[in-house]
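Here is a short briefing on how the chains of one structure meet and what holds their parts in place. Look at the picture, then read on topic by topic.

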Amino acid sequence: MKHLIPEFMAMRRRLPEGFEPSLVLPCLRRIQEDRGHVADEDIDGLAAWLGVPRIQIEEVLSFYTQFRRAPVGRWHLQACRNLSCSMRGAEGVIAHLEHRLGIEPGQTTSDGRYTLSTVECLGSCGTAPVVMVNETYHEDMSPERLDALLESLSR
Amino acid sequence: MVEIWIDGDRVEAEDGQSVMQAARASGHEIPYFCWHPALSVPGNCRICMVEVEGDDASAGWLDIACNMPIAKGMHIRTDSERVRARRKEMLQLVTLNHPVDCGICDKAGECTLQDYHYRYNGEPSVSRDAKVRATKHHALSERIVLDNERCILCSRCVRFTREISKSHGLGIQHRGDHSLVRAVENGAFERDPYSDNVIDLCPVGALLSRPFLHKARVWYLEPTASICPGCERGCSVDIWHRKKAWTLKRLDPAANARIDRVTPRENPAVNGPWICNKGRDLALVFERPRATAAMVGGEAVELEAAVERARELIAAARHPAALVSSWGSNEELAAFHAAFGTRFACHVKTDHLPEPGERLEDELLIKPDKNPNRRAATALYPSLPDAPRAAFPAGCDLVLVWGEGCDFDALPPGAKVLHLDAWRHPAEFRADVFLPISVQTERSGHYTNFAGVVSRFEACFEKPATVADAEALFAALAMPARVEAP
Amino acid sequence: MTGTKLLMNFEVTPTSHCLADYRARGGYATLDKVLREMRPEEVTKEVATAGILGHGGAAFPAGRKWGVIRLNDEQPHYLCANADEGEPGTFKDRWILEHAPHLLIESMAIAAYALQVRHAFIYIRGEFDLAWRRIAEAVEGAYAAGWLGEGIAGSAFALDIVVYRGAGSYVCGEASGLLTSLEGRKGYPRNRPPRLTVRGLYQMPTVINNVETLTNITGIVRDGAAAFRQVGTAKSPGTQLISISGHVQRPGVYEVEYGYPFAKFIREDCGGVLGSLGLKCVLPGGISTTVLTAAEIEPLVLDHASVGAAGSSLGSGGMVVVAEGTCMVRFLQVLVRFYHHESCGQCTPCREGMGWLHRIVDRIVTGDGQPDDIDRLVAISKANDGTTICGMGDAAGYATVGIIAKYRDEFEYWIRNGRSKYGGRLEALGHEWVREAALHG
């Protein structure tokens, strides 16, 4: 995590005095972007650099759905199953992904390529059903578009 | 001062108080789990809801009392129909996923949830769904076991580590009804010398003492007021032991007269509502093997014979010295001074040094001198200097050693040694005369702490028959020796 | 045409969100004028007179919230734009972030000037993709052009805006949960008192406004409160961005002038209900608003008074359209599963209650429901009404009570017969997604 400190210092620039603890979320996000997940030594390093109690970072990591302390597959497929998406076929989307990938939500394929998750509303109800792959929204996921997505991820 | 009304009583509340504080100060009871007078207000349990009566224009409303600022002229009802209904609802929800395994829970008999259930609810659960399961026997540390199913997530334990002990050793992981209290992963809670206070703070049986686990039902025990001898703060404690009416003939007698547990005794002048873990482990101090036989020249004798021999040594000494215990009570010190204070060259010794790794001092309770009554002793005599040989008069021919912690190798060679102590150790055999004495829990008395506060401790147990109280012994030793044919 | 447009009044092109296009539309001219000609209290007065209501769900008058901030009190003041947008059915703040980010920035600068704010924040939900990139780029662009930072437009006014990303938690959209998250902790909402305008971010006076509410500020100050009040209705001045989704032909974000007819909006402007069975019901403003049946919405207009009188709320403007043939038991199941997942866990009634609601509805769906389960769902909802730290408990209650009040027969049917009255359907008949689930091959 030490190599990210220059970036962390840049993040600090626009914050007022005393706002160092606020850096917990943005720093964790950056660490996770870099490593793929947040490791134990990252927690020690960040707690020391920010001067926040280690427990605060542990709690934050467990509370927010986007943070993870273990790696996921190369492609993290997050299918929304909230209201509008369910009304426009989310259950079919999820079943289709389960069938094609051979895994259930919460699992990763044995080759480490795909992790499947169900998530709550992504704020894209107008283009339901929606699947988020890593950081990207894939909207209007008709059966054809879903198959095309899987095809493009497999290459 | 602000005039408010609680249950029809006129109350003069202080500016800045919450309704909870004003109610308690005026003797009105409002139930609570998460609130605590020494901690911040999280307002999460929702059991302290009270009714604020409306006026002609508006209906009254209910809200939590712990976070409600007092307002001039407000009329509060702590027990109206609406409050009772809401409180019952909240209790139903608190116990929704509670395992109700009181039959195997140490907290039974002193459990706030039990008490409130019978007082405010009293009905079985209305849920037909299975309770949420969680970890039931989680080792939170070497000393504390956590049952997450019993936990009501009041956060008292977490707030204690954040605000009082400042170890930041505990937190709440995850969210919703899968929230779990957990210790930080770097061991800070294990190393927190105040960790066990969370056991007292926990309003349910979620946090329990591992040493005490399943040892005794609390209703068979009673507390006796005492003082922790672990350092010069002298925290007020309760030493719990079996009630006389509940002693069991079948039990090993030692079980009827042992320290079952130690808890803080609230004392605003000394320790507030807390003690450190060392005070919890007083059994480790007071239940070490005891010296029960008087000795002369390393051989066991009757106490009277040893006392007489001691009197002879004292009478014969030209340049006697004394190493005075820093664990002696004010009463024992007075008796010692009356007997030997003018004639002996006295110094106060350090009976107990800090253990390796023991915290020396902090801003909360712990003080560096690990002896309870040096202040009273040094009001009479100086402390033993670092080079102890210098403390003894030239030609010293008798040293009276009272208590533990004496380096016998540092005593003037050739001087006779008269040793008074409670515990077994090899030094018993080195003294010319050894006299076994009682310990703090076997008598009452007073200590003076580092700040000059004088506190009283009471006797919990009978002393062994062959052992004497030092206070009486000093008077006896001061009497002249009988002239006897050799 | 859904009435006057105050926000969606330009053509969306590949560059319309950029600074140059925004400037060409008159962007930042109002900020410039404010800094030259107005005092902070004059700005606040204009906003208060305009009477704009909050667009995040609570419809609290923004000017009144701003008025609590005491000028020159020697404390730092903070401003937060709530871009957490987690209420299911809602995606209209996203439209602003993607297409009108500079309008938000200019509006925030004007608000910051009025409130004597030196540091402002945009708390954006962590999942947002393009919306985050656009607003972050826009903030950098504004800095580069001198509209943020020190000495803005040659004045003494300085402002820093920090775009702060959440990480996946619905309660971080609740104002106090948002601040706790912004302080680097779990997004635990706080009890009031104290109000956040008295003790907010790091215990300093803080104003939190929804993105859409703030975005209106530039127009109000540019054209004046009177002009703003010409739009909409007396009690609901201005417009609302409505994100409409579910069983509707043309889902999307529409700007609707308050007072526009409800049913007409769905039928004409949004292309009507999907499928041939017709409209069953509508959630007017997100899942936390009380469901209204097709009959109930007929006489209504889209403003707070009208929808309020019908026993519901415009909420966050996240409208969900439901076609006949939809199973309302499965509908509620999705909702309570969501609330259970999102409960922060602090307070007893919500922490225990959400799980309980979820388990009961799940049990009804698996065929093990009992008749008194329905009243139990209502009782749990009532136990969450006014007893919780934040509004989520209440919201779950309104959603549950509303659906049961109007569709109790479906719950009774399932409990009696062990199955759904409508085949457990959530999709519109004839518009099913299908593929693998049905084909098994």
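A salt bridge is a side-chain nitrogen of Lys or Arg within 4 Å of a carboxyl oxygen of Asp or Glu. By that rule, chain C and chain A have 4 salt bridges between them. The model is predicted.

**Chain C against chain A**

- The contact takes 69 residues from chain C and 52 residues from chain A.
- The size of an interface is often given as the accessible area lost when the parts come together.
- For chain C and chain A, that buried area is about 4,800 Å². Carbon and sulfur atoms account for 58% of it.
- Polar contacts across the interface of chain C and chain A come to 27 residue pairs, with both residues at pLDDT 80 or more.
- Several elements of chain C give two or more residues to the side that touches chain A. Among them are strand E2 (117–124), helix H8 (175–182), strand E5 (239–246) and helix H19 (436–439) of chain C.
- Which element gives the largest share of that side of chain C? H15(C) does, with 8 residues.
- Sorted by class, the side of chain C that touches chain A has 36 nonpolar, 17 polar and 16 charged residues.

**Chain A against chain B**

- Here 11 residues of chain A meet 12 residues of chain B.
- Chain A and chain B bury about 990 Å² between them. Of this area, 49% is on carbon and sulfur atoms.
- How many salt bridges link chain A and chain B? The count is 2.
- Arg54(A) and Glu185(B) form a salt bridge, with their closest N and O atoms 3.4 Å apart.
- There are also 7 residue pairs in polar contact between chain A and chain B, both residues at pLDDT 80 or more.
- Helix H4 (residues 54–63) of chain A supplies 6 residues, the largest share of the side of chain A that touches chain B.
- By class, that side of chain A has 4 nonpolar, 2 polar and 5 charged residues.

**Salt bridges in the whole structure**

- Over all chains, a search finds 77 salt bridges.
- In chain B, Lys136(B) and Asp147(B) pair up, N to O, at 2.8 Å.
- Lys136(B) lies in the loop between helix H3 (112–121) and strand E6 (138–139) of chain B, and Asp147(B) in the loop between strand E7 (144–146) and helix H4 (156–163) of chain B, so the pair ties together parts that are 11 residues apart in sequence.
- Lys136(B) is partly exposed, at 27% relative accessible area. Asp147(B) is buried, at 3%.
- In chain C, Asp129(C) and Arg133(C) form a salt bridge, their closest N and O atoms 3.0 Å apart.
- Asp129(C) is buried, with a relative accessible area of 12%. Arg133(C) is partly exposed, with 40%.
- Glu183(C) and Arg185(C) also meet in a salt bridge, at 2.4 Å from N to O.
- Is Glu183(C) buried or exposed? Glu183(C) is buried, because its relative accessible area is 5% and buried means under 20%. Arg185(C) is partly exposed, at 35%.
- Shared partners join some salt bridges into one network: Asp40(A), Asp44(A), Arg54(A), Glu58(A), Arg69(A) and Glu185(B).

**Aromatic rings**

- Over all chains, the structure holds 30 aromatic pairs.
- A pair of aromatic rings is described by the distance of the centres and the angle of the planes.
- The ring centres of Tyr113(C) and Phe157(C) are 5.4 Å apart and their planes are at 90°, so this pair is edge-to-face.
- Tyr113(C) lies in helix H6 (residues 101–115) of chain C, and Phe157(C) in the loop between helix H7 (130–144) and strand E3 (160–165) of chain C, so the pair ties together parts that are 44 residues apart in sequence.
- Tyr113(C) counts as buried, at 15% relative accessibility. Phe157(C) counts as buried too, at 11%.
- In chain B, ring pairs link Phe336(B), Phe340(B), Phe344(B), Tyr381(B), Trp402(B) and Phe474(B) into a cluster.

Technical notes
Residues numbered from 1 in each chain as written. Chains lettered and ligands numbered in written order. Predicted model: local features only at pLDDT ≥ 70, side-chain atom pairs only at ≥ 80, totals over all residues. Heavy atoms only, no water. Contact = heavy atoms within 4.5 Å. Buried area = accessible area lost by both parts, 1.4 Å probe. Polar contact = N/O pair within 3.5 Å; in protein donor to acceptor, adjacent residues only side chain to side chain. Helix = DSSP H or I, 4+ residues; strand = E, 2+ residues; numbered from the N terminus. Nonpolar A, V, L, I, M, F, W, Y, C, P; charged D, E, K, R; others polar. Phe/Tyr/Trp six-rings, centres within 6.5 Å; stacked < 30°, edge-to-face > 60°. Buried < 20%, exposed > 50% of the residue type's maximum accessible area, 1.4 Å probe, protein only.
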